[in-house]
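I opened my notebook today to look around one protein model. These are my entries, in the order in which I made them.

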Amino acid sequence: MSTLDRIDLELLTVLADDPRATIVALAERLGLSRNTIQARMARLEQTGVLLSYERAYSPEVLGFPLQAFISIGLRQTELPRITTELARIPEILQVHGLSGSIDLLARVACRDARHLFDTDARILSIEGVDRTETSLAMGEVIPYRVAGLIGLARREA
């Protein structure tokens with residue numbers, strides 16, 4: 001990954017404050033040309049600094065108010081196939097690989113407790129998955145954020 005300069009960090013700060021800002025608005029706010037902003041945005045995308053542009057939706061509004069985290073233990077040699085099968089389960093919103101006694105942590109959204117039970121059963125039925133443990137999400141206390149990290153990077157740059 002390339003090193004971010006002061007202008008990149010300023011651009012990321014503005015985007016963290018207003019993720020829907022247009023190229024023109026970004027250029028005006030930073031005092032740069034539209035072409036400069038477009039070129040920097042393209043470079044940030046190509047180097048993996050900017051991730052998905054997918055909109056975030058509320059699972060509750062879609063009819064899936066129950067969220068949980070499912071810890072998954074599996075046979076490591078089968079991780080790629082298991083990951084592919086997990087990706088086919090629509091209730092799974094996100095999966096992280098972990099170090100330690102748990103191999104994967106899946107965030108899921110379900111309609112109710114029965115739906116969660118069935119989702120867990122589908123995960124357990126995948127060949128190579130040895131065990132699961134489910135924890136209900138009681139509420140999001142701190143949402144995903146990066147503005148603080150951008151601020152640290154700007155101070156260190």
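**Entry: a polar contact to begin with**

I am working with a predicted model. I started at the side chains of Gln67 and Glu60, which are joined by a polar contact of 3.4 Å. For a pair of N or O atoms, the cut-off I used is 3.5 Å.

Next I asked where Gln67 lies. I found Gln67 in strand S1. Is Gln67 buried or exposed? Its relative accessibility is 13%, and buried means under 20%, so I wrote down "buried".

Then I listed what Gln67 touches, leaving out residues up to four places away in sequence. Pro59 and Glu60 are among them, and so are Leu93, Arg107, Val108 and Ala109. Leu136 and Ala137 also belong on that list.

I moved on to Glu78, which sits in the loop between strand S1 (66–74) and helix H4 (79–87). Glu78 has a relative accessibility of 18%, so I counted Glu78 as buried too, with 20% as the limit. Which residues does Glu78 contact, neighbours within four places in sequence aside? I noted Glu127 and Gly128.

**Entry: Arg131 in strand S4**

My next stop was Arg131, found in strand S4 (residues 129–136). I looked up its relative accessibility and got 39%, which means that Arg131 counts as partly exposed.

What lies 2.8 Å from a polar atom of the Arg131 side chain? I found the backbone oxygen of Ser101 there. Ser101 also turned up when I listed the contacts of Arg131, setting aside neighbours within four places in sequence. That list holds Ser71, Ile72, Gly73 and Leu74 as well, along with Leu124.

I also checked the spacing between Arg131 and Thr77, which are 54 residues apart along the chain. Their C-alpha atoms are separated by 15 Å.

**Entry: two residues of helix H2**

I then turned to helix H2 (residues 23–30), where Ile23 lies. Ile23 has 23% relative accessibility, so I put Ile23 down as partly exposed. Not counting residues up to four places away in sequence, Ile23 touches Arg34, Ile37, Gln38 and Met41. I looked at Arg34 again: 11 residues separate Ile23 from Arg34 along the chain, and their C-alpha atoms are 6.3 Å apart.

Ala27 is found in helix H2 as well. I read a relative accessible area of 7% for Ala27, which is buried. Beyond its neighbours within four places in sequence, Ala27 is in contact with Leu32, Ser33, Arg34 and Ile37. How far is Ala27 from Leu149, C-alpha to C-alpha? I got 23 Å, for two residues that are 122 apart in sequence.

**Entry: stepping back**

After these residues I looked at the protein as a whole. I counted six helices and four strands. Following the sequence, I wrote the pattern as α-α-α-β-α-β-β-α-β-α.

I wanted to know how much of the chain is buried, and the share is 28% of the 157 residues. The protein exposes about 10,600 Å², and 56% of this comes from carbon and sulfur atoms.

Among contacts with a separation of 6 or more, I found that 66% are between residues 24 or more positions apart.

I noted 18 positive and 21 negative side chains, and the centres of the two sets lie 5 Å apart.

Terms used. Residues numbered from 1 in each chain as written. Predicted model: local features only at pLDDT ≥ 70, side-chain atom pairs only at ≥ 80, totals over all residues. Heavy atoms only, no water. Buried < 20%, exposed > 50% of the residue type's maximum accessible area, 1.4 Å probe, protein only. Contact = heavy atoms within 4.5 Å. Areas by Shrake-Rupley, 256 points an atom, 1.4 Å probe, with all protein chains shown as cover. Lys, Arg positive; Asp, Glu negative; His and termini not counted. Charge placed at Lys NZ, Arg CZ, Asp CG, Glu CD. Polar contact = N/O pair within 3.5 Å; in protein donor to acceptor, adjacent residues only side chain to side chain.
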